[in-house]
2 protein chains.
Amino acid sequence: MPTIKDVAKYANVSVATVSRVLNKKGYVSKEAEENVLKAIADLNYKPNSVARSLYHKTSKMIGLLIPDISNPFFPELARAVEDVALTYGYTVVICNTDEDIRKEAQYLEALQQKYIDGLILTTNQLSADNYENLGIPLVALDRQFSNRVPTVSSKNYEGARQATEYLIENGSEFIAHIRGPYHVKPADDRYQGFKDVVEEQGIAHIVVDCDFTMASAMEVTEGLFEKYSTIDAVFASSDIIAAGVLKVAKNINKRIPEDLQIIGFDGIPLGEMLTPALTTVAQPIYKMGALSARLLIKQIEKEPLDLINYEVKTTIQYRETTRSDT
Amino acid sequence: MPTIKDVAKYANVSVATVSRVLNKKGYVSKEAEENVLKAIADLNYKPNSVARSLYHKTSKMIGLLIPDISNPFFPELARAVEDVALTYGYTVVICNTDEDIRKEAQYLEALQQKYIDGLILTTNQLSADNYENLGIPLVALDRQFSNRVPTVSSKNYEGARQATEYLIENGSEFIAHIRGPYHVKPADDRYQGFKDVVEEQGIAHIVVDCDFTMASAMEVTEGLFEKYSTIDAVFASSDIIAAGVLKVAKNINKRIPEDLQIIGFDGIPLGEMLTPALTTVAQPIYKMGALSARLLIKQIEKEPLDLINYEVKTTIQYRETTRSDT
DNA sequence: CTGAAAGCGCTTACAG
DNA sequence: CTGAAAGCGCTTACAG
């Protein structure tokens with residue numbers, strides 16, 4: 001690999017001059033510039049980004065902390081982040097934390113040592129300080145942990161309200177909500193939306209706790225149906241949970257949506273592959289990822305942000321696990 | 001962030017001495033070592049990996065080139081690579097190439113400029129030279145493009161044979177194979193396995209082409225069933241294709257598995273979420289990813305490899321889209 | 001056992 | 001407009 005010295009020698013100028021044409025910065029005579037450009041082309045020279053990093057203390061890399069890329073919600077998000085990053089010349093490093101505080105800390109340290117330029121967080125086991133002390137731009141995606149950090153999330157509360165109202169409009173009279181983990185903001189908000197609607201309208205309901213995994217959902221659902229056989233609708237806090245509910249419901253021969261309506265949350269591709277296809281409150285996942293990346297890069301490049309809190313709208317995807325309300 | 005200089009000053013030694021204790025290399029007196037260690041602890045010093053990179057021309061980063069992380073086959077693979085990498089202190093950079101030659105070239109260049117230590121390839125649009133000229137260790141995963149490059153793949157041919165034999169044992173007499181793209185080695189091998197079995201046994205069959213996407217699978221399947229209504233089994237080249245077949249078959253009210261048996265290939269989690277749950281030839285996806293990472297790191301660290309070609313076994317996951325053969 | 005010095009490949013004041 | 005020099009934070013011969 002040729003270095004800037006080789007280019008300088010070949011073009012009969014100093015390395016400073018080569019650097020100037022590389023960075024289009026400072027005065028360079030037409031002639032010198034041409035020679036340098038020719039040298040670069042002839043030698044197929046590429047500036048070494050590690051050396052640049054060392055000087056600038058930046059890396060053109062951004063980090064993306066997620067719980068687990070195997071969870072189907074995240075690949076699309078990651079994909080969006082990467083697409084935008086690539087456009088602006090950034091490389092993204094995806095870190096699976098498993099919501100484990102030690103893994104998170106380990107990654108944070110590794111990223112910092114690499115002069116990472118910014119970080120998108122969809123998980124936060126550490127305290128806000130730990131992230132802010134990194135001294136780099138941050139974006140909180142689908143989470144919220146500090147009002148100084150720009151945040152992208154969807155209208156979880158409103159989406160949950162709509163889902164619940166829709167179940168009620170379609171005639172359900174005893175609705176279960178299978179909620180996600182406590183202190184995970186989206187799960188809390190969805191729960192709150194559900195609760196407010198059923199209480200306002202005086203609808204019989206029950207809430208049970210669950211992880212965002214299908215195994216956990218199936219276990220919880222089995223217990224639920226055993227105890228409360230008259231449940232006629234389930235609002236699940238995620239599509240993965242809804243898939244578990246659906247599986248169990250079919251196993252015990254509930255007719256869907258006649259006996260039981262199910263509505264999920266997220267809008268991952270899995271939903272439409274199921275039979276019956278899953279009705280769900282869809283988040284614009286790709287858009288959220290792309291927006292986060294954009295916000296992060298704006299901060300890195302010292303551009304002003306219009307807003308600090310971005311809330312995107314959800315849309316109900318009407319499919320086959322709910323009855324039509326017409 | 002403190003630097004090695006700060007540590008040296010604090011410990012009253014030279015930076016060379018600090019470096020020696022950092023790298024456990026060269027002679028350092030007990031006393032000096034203790035002072036340095038204390039200084040490191042007191043200042044919370046972390047060596048800067050960019051500076052190390054510049055000197056060593058290595059980065060403790062490995063690249064993973066995949067077509068698209070949104071394709072459900074890859075997250076698990078990526079996850080495995082990352083888990084192993086983390087264990088050995090490497091960071092992985094995932095690159096979505098969309099099988100696009102220009103994106104691939106762009107990533108290759110970016111990775112090279114960052115002194116990436118090695119590369120795992122699940123896609124190869126460029127010629128083998130382009131990768132080998134990088135001068136870094138490589139592993140080909142689920143692809144094969146040069147006999148100098150260590151390769152990890154599953155026994156696609158054998159798996160396909162087993163799948164086909166299983167359908168025949170269960171009484172199918174007219175079997176369709178929906179094959180993946182040409183010149184993608186796994187797709188070719190699966191096709192060959194299918195073809196050999198049906199020809200050996202004299203079974204009526206038909207082969208149609210398809211992409212590894214559900215949309216493409218649905219389109220192809222619709223045409224197929226229209227033309228050949230007596231098809232009584234489908235061997236799909238991937239689970240995503242199989243999911244598309246299943247969807248279409250249910251739409252036109254085929255009973256599964258009574259009227260139509262379906263078997264996929266891959267063993268992605270989606271398969272068991274479907275109803276009926278998909279019978280499939282499962283690859284040990286996580287294991288393949290982990291093995292690739294291990295092989296790559298062995299090469300990076302100049303350890304000898306036992307083999308150059310690793311072929312892992314597939315296993316049929318008997319689920320609900322095939323009839324039992326007992 | 002230890003430090004001064006050169007070097008990894010770049011960038012940018014500074015002087016001319 | 002241009003080059004010599006210092007510096008980014010490390011590592012490693014080299015000399016002592």
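1. In chain A, the centres of domain 1 and domain 2, taken over C-alpha atoms, are separated by 36 Å. The division of chain A gives domain 1 (4-47), domain 2 (56-154 + 286-314) and domain 3 (156-282), with bounds that come from an automatic or database domain assignment.

2. A word on conventions: this is a predicted model, in which local features need pLDDT of at least 70 and side-chain atom pairs count only at pLDDT 80 or more, while totals for chains, interfaces and linings use all residues. Residues are numbered from 1 along each chain as its sequence is written, chains are lettered from A and ligands numbered from 1 in the order in which they are written, and side-chain values use heavy atoms, with hydrogens and water left out.

3. Around DNA strand D there are 29 residues, of which A:Thr17, A:Arg20, A:Lys57, B:Ile4 and B:Ser19 come nearest; a residue is near the strand if one of its heavy atoms lies within 4 Å of it. Of the atoms of DNA strand D that come within 4 Å of the protein, 68% belong to sugar and phosphate.

4. The surface near DNA strand D comprises 15 nonpolar, 8 polar and 6 charged residues, where Ala, Val, Leu, Ile, Met, Phe, Trp, Tyr, Cys and Pro count as nonpolar, Asp, Glu, Lys and Arg as charged, and the others, Gly among them, as polar. At least two residues of this surface come from each of α2 (15-23) and α4 (49-56) of chain A and α2 (15-23) and α4 (49-56) of chain B, and α4(B) supplies the largest share, 5 residues. Helices (H or I, at least four residues) and strands (E, at least two) are DSSP runs, numbered from the N terminus.

5. Individual polar contacts (pairs of N or O atoms within 3.5 Å) can be inspected on both chains. For B:Arg20, a polar side-chain atom lies 3.4 Å from a base nitrogen of DNA strand D.

6. Chain B holds an open, mixed sheet of 6 strands in the order β7-β6-β8-β9-β10-β12, with two strands taken as paired if DSSP finds at least two bridges between them. Because β7 (204-209) and β12 (315-317) of chain B stand at the edges with a single partner strand each, one side of each is left without a neighbour in the sheet.

7. Within that sheet, β8 (residues 233-236) and β9 (residues 261-266) of chain B pair in the parallel sense over 3 bridges, and B:Val234 stands opposite B:Ile262 in β9(B).

Conventions: Polar contact = N/O pair within 3.5 Å; in protein donor to acceptor, adjacent residues only side chain to side chain.
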